[in-house]
Amino acid sequence: MTSKPFNDTFLKACRGEATEHVPVWYMRQAGRYQPEYRAIRAKYTFFEMNYIPEVCAEVTRLPVDQLGVDAAILFADIMTPLKPIGVDVNIESGIGPVIANPIESLADVQRLLDLEPETHVPYILESIKLLREQLSVPLIGFAGAPFTLASYMIEGGPSKHYHKTKAFMYTEPAAWQALMEKLGDLTITYLKAQIKAGAQAVQVFDSWVGALNDEDYREYITPVMTRIFQALKETGVPTIYFGIGAGHLLLDWNRLPVDVVGLDWRTSITTARNMGVTKTLQGNLDPTLLLAPWEKLEAKAKEILDEGTKQPGFIFNLGHGVFPDAKVETLQKLTAFIHSYKRDV
């Protein structure tokens, strides 16, 4: 059990409340840039690290202890709940998720099982319970959003253009609707189980939904995302929605019953506010700047902080995940800079 006082700065910012310092955490803050992570990863496959709660908890805690961030995010993958429902997925080094039985028809969708978290992913729930005993910062649970999960399930792996996914959406409306309903149910069930186990906030990763235009988003995606966030609202736990290259969808996101909108680095905080986004914002340093000279990184971080703190409701993060070339020392220095930041009056 941790003896440190609980740091709820992140949760306050999610709710749009004023905070004594700007809270910060980083997407993919547990990963290959850490020597300690690489040493653990050498002993286990990615999914094995998920399956052993003590290992999952150690990896999840590592960046909190090492960097001093204001939140932990559960170490898992958006593919984790797909394996037990009948998706033959493996994480292949240098590629990402590869699926051996892609979705091609309504029958393929109908063959998918319903997720039963206590039976299918008990290790995730055990990891959360263990972490709640160990952490002095909030624990973020997460899931992939239906479009992003569907894109992997239909393409069979990562894609640059999502042609198969969008073609399926346009040409197989009944199958697409069934898939969105199935994945919407899975997301709600999975995240509610994480919350019940102890997750204090949840983030929905819609990494690739920016491939859709705004009209298609409203027709094919808004209904399921509204249903997901409405269902999660009943829990009272803050919710976050994040995608890449989705600046054109921000006003649609602002209308969803979600608490926090995550920005990638392409859309500035000022631009989002000027568009009319009123929710708490999270973001949005370009991860590549972690490789830049400190003066350049510091200047951009200060610019983001100046923009983000013009009103309450701001969480500093990257505009995408930490990548393997980043240095632990750079993230430590950045975290300390964010925590010491005081807005010029």
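First, the ground rules. The model is predicted, so local features need pLDDT of at least 70, side-chain atom pairs count only at pLDDT 80 or more, and totals for chains, interfaces and linings use all residues. Residues are numbered from 1 along each chain as its sequence is written, and side-chain values use heavy atoms, with hydrogens and water left out.

Overall shape. We have 15 helices and nine strands. These are DSSP runs, numbered from the N terminus: helices are H or I with at least four residues, strands are E with at least two. The radius of gyration is 19 Å, close to the 20 Å from the globule rule for 345 residues, so the protein is as compact as a globular protein of that length. That radius is taken over C-alpha atoms, and the rule is 2.2 Å times the number of residues to the power 0.38. The C-alpha trace spans about 60 × 45 × 40 Å along its principal axes.

Next, burial. Of the 345 residues, 58% are buried. Buried means under 20% relative accessible area, exposed over 50%, and partly exposed in between, with a 1.4 Å probe and protein chains only. Now contacts, meaning heavy atoms within 4.5 Å. Among those between residues at least 6 apart in sequence, 74% join residues at least 24 apart.

Tyr123 counts as buried because its relative accessible area is 14%. Leaving out residues up to four places away in sequence, Tyr123 touches Asn50, Tyr51, Pro53 and Thr80. Asn50 is 73 residues from Tyr123 in sequence, yet 7.1 Å away C-alpha to C-alpha.

On to the core. The largest nonpolar core has 127 residues, and Met225, Tyr241 and Phe316 touch the most other members. Helix α10, residues 173-197, gives the largest share, 12 residues. A nonpolar core here is a set of buried Ala, Val, Leu, Ile, Met, Phe, Trp, Tyr and Cys residues joined through side-chain atoms within 4.5 Å.

Just after the helix, Gly156 takes a positive phi of about 90°.

On a 1 Å grid over the protein atoms alone, a cavity is a set of points where a 1.4 Å probe fits but cannot get out; a pocket is an open set with protein on both sides within 12 Å along at least five of seven lines; lining residues have an atom within 4 Å of a point. Grid points are joined across faces, edges and corners, and a volume is the space filled by probe spheres set on the points.

The largest pocket holds about 1200 Å³. Its lining counts 38 residues, with Arg28, Arg32, Phe46, Asp77 and Ile91 nearest the centre. α2, β2, β3 and α8 each supply at least two lining residues. By class, that lining has 23 nonpolar, 10 polar and five charged residues. For the classes, Ala, Val, Leu, Ile, Met, Phe, Trp, Tyr, Cys and Pro are nonpolar, Asp, Glu, Lys and Arg are charged, and the others, Gly among them, are polar.

The second largest pocket holds about 250 Å³. Of its 17 lining residues, Thr19, Glu20, His21, Val22 and Thr309 are closest to the centre.

How many cavities of 30 Å³ or more does the whole structure have? One. Thr267 is one of the lining residues. Thr267 lies in the loop between β7 and α13, and counts as buried at 11% relative accessibility. Beyond neighbours within four places in sequence, Thr267 contacts Gly247, Leu250, Ala272 and Asn284.

Asn284 brings us to the backbone. Most residues other than glycine have a negative phi, and most peptide bonds are trans. A cis bond joins Gly283 and Asn284, with omega about -10°. Asn284 belongs to strand β8, residues 280-285.

Two positive phi values to finish. Arg28 has phi near 55°. Arg28 lies in the loop between α1 and α2, and is partly exposed at 47%. Tyr162 has phi of about 60°. Tyr162 is in the loop between α8 and α9, and is buried at 7%.
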